[in-house]
Amino acid sequence: MSGISRLDQMRNDSLKTAVKKTSVRNLRTLGSEVLVLAVSALIYSMAFPGFIVPDGFGLIAFIALIPVFAVIRHTSWKHVWWMGFFFGFVFYIFFAYWLKSFHALAIVLIPVIKAFEMMLCFIALKAADSFFKRFGYIVQAVVWVAYAYLSESWFAGFSYGNIAYAFYQYAPFVQIADITGIWGIAFLAILPQPFIGRYLSDLVSDKAPRFSSYILHNAAFIAVYALLMIANLIYGGVKVSEWRNKESDRIWDVVAVQHNHDSWEGGYYTYLHNFNNLRRYTLEALSKTEPDLVIWSETAFVPSVAWHTQYSTEGSGYEITAGLVDQFVAFGENLGVPLLTGNPEGVIKDETLPPILDDGSTNRIDYNTVILFDDGVIRETYRKQHLVPFTEHFPYEEELPWLYNLLLANDYNWWLQGDESVVFESDGVKFSTPICFEDNFGYLSAGFVASGADVIVNMSNDNWSKKVSAEMQHAAMGSFRSIETRKSTIRGTNSGITCLITPEGTIHEEMEPFAMGWHLYHVPVYTHESNPDTFYVTHIDLFAHAAVYASYVLLGIGAVMKIVSFARGKRNR
């Protein structure tokens, strides 16, 4: 009995030692995977303009996510979800570090939201790899595009960090955007990375075949991808040459005034100071040039011209800002050229009550708007349609009252949401004005162009970021709107990046960021009559929609196949 007991004890000791070694090995593996994800997040962030590489190094994006796909394949289902959360959080901390200047809450809230999105993406990518042993990497590329689209399509959609935007400097590679939008670019950039990541994961696990065998076994995929890249670059080269040599239908001379002040900072004297600077630089520009239009930035002039010219403010305490509006109107009447500016539109909040309530407060709520002011009156107004989540718009007051109240406590205020793709017209030129964040979304600019716009005029306030890289990230995204629509973009900002973007996506004549001044832009205008709408404009985000539905179908089929295979294996046992 004692011999048997000693033998059992030895076996137990051996088992405990083995379990201990396995646990240590697993912890080391998890530690290595976490480190790989952190490094990958840092490298991926360097593909975009940022604090390490001011203009970004886009080519890194072709390899930056290879380690991510290797980790997804190598790690277990038990850990893949939190690794997705970790990668998403770390990447957006590196990439969008400037959010801390937006609001103290934003630098936590946005990375957490994006981390949850990435967590779901990692689970779907793991499923694609698990369900499809042969061509799982192709399914993963499709899933990634679907994730990228869905992540910017809901209320809190945030398009910053999409891999396609890393390539804004490589014109021949991105011209396919006039067909697929940014989604085809994202697919081509992602596709080889899970293919390579799969091999590296298997290599670490001692499961990989010889490299030459792996290449030969997947020769068809490699050949097809090479052909896609070659075709894309040929198409891109032809389009770049075409649009750089294309004669415009006319030139539209536009003066952009950059007053270098955060429009969020309020108070009468701030408004007066900004107006004085805007007026001074506008008059200076007009003394030296003869433009067709002057543009200021988003909310450059803050007191609502629409409200104060329509309603009396007597007894409300707002007489002083009404006086500033009078100065603006007098300035505009004598300007001799149309003025396009961001300016909030105040409207009656409760139709049953008067504009000024008994306690002296105003019965008012606002839209974030752009107005075309000419001959002393507002000729046309555009109301912002895609509001910034949490800071401009939060539709879940009843569902999430705790978050709603937290946002209010942190000085967030809401705007009303517009619903019309307004097309302005001045001196025979038709144009539309996506406001700031709106030029992040291809569907909006495409909608403006489909409604008749021949030029895109973006009005932005990025002064709050205090970072040139944040402004450059924004401008880089805006450049894709010109490629998608084949229309010129003129960006009027308060501190950068004020510039002209031509239809092949090239950024021209950037004004110095965070400096006051003005610049005359000769904007090439391509009308609908001579340049029909692009495939993207007539089929907005079709490639992305296809990726979403294909992901649902493929993952569904894969899950069914997995269940059937499991059931068969169980019966055979």
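Mentor: For linings, Ala, Val, Leu, Ile, Met, Phe, Trp, Tyr, Cys and Pro count as nonpolar, Asp, Glu, Lys and Arg as charged, and the others, Gly among them, as polar. The model is predicted, and local features need pLDDT of at least 70, side-chain atom pairs pLDDT 80 or more, while totals for chains, interfaces and linings use all residues. Numbering starts from 1 along each chain as its sequence is written, and side-chain values rest on heavy atoms, without hydrogens or water.

The second largest pocket has a volume of about 380 Å³ (a pocket is an open set of points on a 1 Å grid over the protein atoms alone, with protein on both sides within 12 Å along at least five of seven lines; lining residues have an atom within 4 Å of a point). Its lining comprises 18 residues, and those closest to the centre are E117, L120, C121, Y147 and L150. By class, 15 of the lining residues are nonpolar, 2 polar and 1 charged. Two or more lining residues come from each of helix 5 (106–131), helix 6 (136–151) and helix 20 (542–572) (helices are DSSP runs of H or I, at least four residues, numbered from the N terminus). Helix 5 gives the most to this lining, with 8 residues. Among the residues closest to the centre, E117, L120 and C121 belong to helix 5, and Y147 and L150 to helix 6.

The largest cavity holds about 130 Å³ of space. Of its 16 lining residues, Y92, Y147, A148, G161 and N162 lie nearest the centre. Helix 3, helix 5 and helix 6 each give two or more residues to this lining, and helix 6 gives the most, with 4. The classes here are 10 nonpolar, 4 polar and 2 charged residues.

The second largest cavity has a volume of about 60 Å³. Its lining consists of S45, M46, F48, P49, G50, F51, I52, V53, F94, F95 and Q473. Of these, 8 are nonpolar and 3 polar, with no charged residue.

W98 and Y160 form a tilted pair, with 5.3 Å centre to centre and 55 degrees between the planes (rings of Phe, Tyr and Trp, its six-membered ring, pair if their centres lie within 6.5 Å; planes under 30 degrees apart count as stacked, over 60 as edge-to-face and the rest as tilted). By the same rule, the model contains 50 aromatic pairs.

Note on methods
1 Å grid on protein atoms, 1.4 Å probe; cavity = no way out; pocket = protein on both sides within 12 Å on 5 of 7 lines; lining within 4 Å. Points joined across faces, edges and corners; volume = space filled by probe spheres on them.
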